[in-house]
Amino acid sequence: MSTHTYISSVERSNVLATNVAADPGRYRTLTGERPTGPLHLGHLFGTIRERVRLQDLGVETMIVLADYQVITDRDAIGHVRRHVHDAALDNMAAGIDPDRSTIFTHSAVPALNQLVLPFLSLVTEAELHRNPTVKAELAASGRALGGLLLTYPVHQAADILFCKANVVPVGKDQLPHIEMERVIARRFSDRYGAVFDEPQALLTASPDVPGLDGRKMSKSFGNAITLSMTPDQTAQVVRRTATDSERHISYDPKTRPGVSALLTVAGLCTGREPAAIAAEIGSAGAGTLKTLVTEAVNSYLAEHRRRRAKLAADPGYVQSVVRQGNQRANEIAEQTLDEVRTVMGTYY
């Protein structure tokens, strides 16, 4: 992405943010995650807090737990039912209100997935191959390029356009996806008729949450502090984090990734600058740093864990939230699919 293109995206996002704040009832957003494992601090800081903010502002919020997309880059679907349940728990513990937001599963909305077929006819193979997320996921998977991964941007377009979401919170790296979705909406209108408005990207200032080894925090890397951990489990995983032999603590992500990752996590949880925390610890060593990080994380997550435990005590409630969300998503998807069939001339 060129600098000029990015600057233009930022300018449009700033205007959108102002409009959303002024009249949130005009907007609907869709966000979500693939339920491949427990959600972690990266999810909380990166996406969940922003969707809670939009919900509380008054934006209608749709949250997709994209269980079908679990197999985008893997052989099996794993313990997806448990992961869906846990993701719903963590979203609600973080502040998502099922009375104001819709939590639903990808596989339970057939009309949504039926949109993928006409959408695929609107893009070229070359366009799919150019998508940077497809390239990155392919490189990370170490597998041959499968059809589902190649068409992943089109599936995401169906996720967003089925409910006519008009504001999509994203980071800079996801802007190409939004552009693909805008292209699909525009080409559909040109070819068949106006059903979809072009969704707009709301750029979020999501912090970069490193894993405990300095790489991106990821379930697959095993370097995450998950939201479902107990305080003792958090202490154990932090204690096991590799640092280095230098006793003096300093913030230098390039040469001291483990130490710097711990400082960053502590900074996010306390609202302080990592370098300031490092200066405070000084020559007290990695043990002091790990104690500080453990306390910071456990303090930050204390209320989340309390709400999560209360919700988890009634698994039937969590199930009912997802089922009601699926019902709501199906109603929206069926209506949209009817409109698509009508303009395509396939309504019989």
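**Helix packing and nonpolar cores**

In helix α3, Asp 86, Leu 89, Asp 90, Met 92 and Ala 93 meet His 304, Arg 307, Arg 308, Leu 311 and Ala 312 of helix α14 (contact means heavy atoms within 4.5 Å). By class, this contact has five nonpolar, one polar and four charged residues (Ala, Val, Leu, Ile, Met, Phe, Trp, Tyr, Cys and Pro count as nonpolar, Asp, Glu, Lys and Arg as charged, and the others, Gly among them, as polar). The model is predicted: local features need pLDDT of at least 70, side-chain atom pairs count only at pLDDT 80 or more, and totals for chains, interfaces and linings use all residues. Residues are numbered from 1 along each chain as its sequence is written, and side-chain values use heavy atoms, with hydrogens and water left out.

**How α3 and α14 cross**

- The axes of α3 (residues 80–93) and α14 (residues 286–312) come within 8 Å and cross at roughly 130 degrees; helices are DSSP runs (H or I, at least four residues) and strands are E runs of at least two, numbered from the N terminus.
- That angle makes α3 oblique to α14 (under 35 degrees is roughly parallel, over 145 roughly antiparallel, 65 to 115 roughly perpendicular, and the rest oblique).
- Axes are lines fitted to C-alpha atoms, for helices over the stretch in contact, and angles run from 0 to 180 degrees between N-to-C directions.

**Nonpolar cores**

- The largest nonpolar core has 47 residues, and those with the most contacts inside it are Leu 41, Ile 103, Ile 225, Leu 289, Val 293 and Val 297; such a core is a set of buried Ala, Val, Leu, Ile, Met, Phe, Trp, Tyr and Cys residues joined through side-chain atoms within 4.5 Å.
- At least two residues of this core come from each of several elements, including α2 (41–57), β2 (60–65), α3, α14 and α15 (315–344).
- Leu 289 touches Ile 249, Val 259, Leu 262, Leu 263 and Ile 281, not counting residues up to four places away in sequence.
- A second, separate core of 40 residues includes Met 62, Val 123, Val 170 and Ile 178.

**Two single residues**

- Glu 303 lies in helix α14 and counts as partly exposed because its relative accessibility is 37% (buried means under 20% relative accessible area, exposed over 50%, partly exposed in between, with a 1.4 Å probe and protein chains only).
- The C-alpha atoms of Glu 303 and Ala 94 are separated by 8.8 Å, although the two are 209 residues apart along the chain.
- Ile 332, in helix α15, counts as buried at 8% relative accessibility.
- Not counting residues up to four places away in sequence, Ile 332 touches Arg 28, Met 62, Phe 162 and Cys 163.
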